[in-house]
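Colleague: I have some questions about this model. Please show it first, then take them one at a time.

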Amino acid sequence: MRSNYKRNGIFIFVMVFAAMILFPNQVKALVTEQVIDFEKVVLGTPKTVTVKITNDNPTDKTTVYFRFTENPCGFSTDPSMSVELPAGETGVLRVKFVPSEEGPCSGTLYVMTRTTRNAISVRGEGITEDVANIETLLKLFDESVNDGTLEGKGEGKGKGKRKSADNRLRTLRKMIVKAGDMIENEDIIEACNKLTNIYGKKLDSFATGDAIPKLKNMIQRIMEDLKCK
């Protein structure tokens, strides 16, 4: 009986030792992102998203590798191929999109160690830059109002506040139309003054929303084309 116990003990020891050799501690690279959406990016313009990668093993360092599926159409990573993470540490992977062609682009980014693999869906769309003029500015203004990314700032309470906010949006739009009329009449100095006032004061005091930086960018480009001082 005692010899059977001894043989069983030796067998268990051998199996555990073999498991340690064949199946070492799995080192995992954890990423929180499952999807990266760059949305619309102007052709040739880089846009970067930062992804955090964590080595969740408290004792072993690991090398994390990055690979896109074929035809990444403008996607890249920095570092480009791999990074070494100490035990329990978090590193940063920068994923970049520089579209070279118009249209949607998608792929899969694999973040891998020798024992694990994470898949991140990556997508974006290459677009040509809109011409900056009063017509496209008004189009952006109207679209932003319709989708709720541009709202008027109202004073007062209740319906009075809503009416005040709507009036301010109408005033802003009229100012843009007026600047367009000045440009059409070749009154460039006054058009520059009007656009400068919209850019520097009226937009921020009359409106709020995520569209304001886009509107300011387009106004700035119009002023550059007009060579406003």
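Colleague: Is D142 buried, partly exposed or exposed?

Modeller: This is a predicted model: local features need pLDDT of at least 70, side-chain atom pairs count only at pLDDT 80 or more, and totals for chains, interfaces and linings use all residues. Residues are numbered from 1 along each chain as its sequence is written, and side-chain values use heavy atoms, without hydrogens and water. Buried means under 20% relative accessible area, exposed over 50%, partly exposed in between (1.4 Å probe, protein chains only). D142 has a relative accessible area of 28%, so D142 is partly exposed.

Colleague: Which residue forms a salt bridge with D142?

Modeller: A salt bridge needs a side-chain nitrogen of Lys or Arg within 4 Å of a carboxyl oxygen of Asp or Glu. Here the closest N and O atoms are 2.8 Å apart. D142 lies in helix α2 (residues 134-146) and its partner in helix α3 (residues 158-184), so the pair ties together parts 31 residues apart in sequence. Helices are DSSP runs of H or I with at least four residues, strands are runs of E with at least two, and both are numbered from the N terminus. The partner is R173.

Colleague: Which helix holds K216, the salt-bridge partner of D204?

Modeller: The side chains of D204 and K216 meet at 2.7 Å, N to O. D204 is partly exposed, at 33% relative accessible area. D204 sits in helix α4 (residues 188-206), twelve residues away from K216. K216 is in helix α5 (residues 212-225).

Colleague: Which residue forms a salt bridge with K61?

Modeller: K61 is exposed, at 58% relative accessible area. K61 lies in the loop between β3 (47-55) and β4 (62-68), and its partner is in strand β6, 23 residues apart. The closest N and O atoms are 3.8 Å apart, and the partner is E84.

Colleague: Which strands stand at the edges of the sheet?

Modeller: Five strands form an open, mixed sheet in the order β2-β9-β8-β4-β6. Two strands pair if DSSP finds at least two bridges between them. Each edge strand has a single partner, so one side of each is left without a neighbour in the sheet: these are β2 (35-42) and β6 (82-85).

Colleague: In what sense do β2 and β9 pair?

Modeller: V42 stands opposite I127 in β9. The two strands share six bridges, and the sense is parallel.

Colleague: What is the average pLDDT of the protein chain?

Modeller: pLDDT is the predictor's confidence in each residue, from 0 to 100. In the protein chain, 83% of the residues score at least 70. The average is 83.
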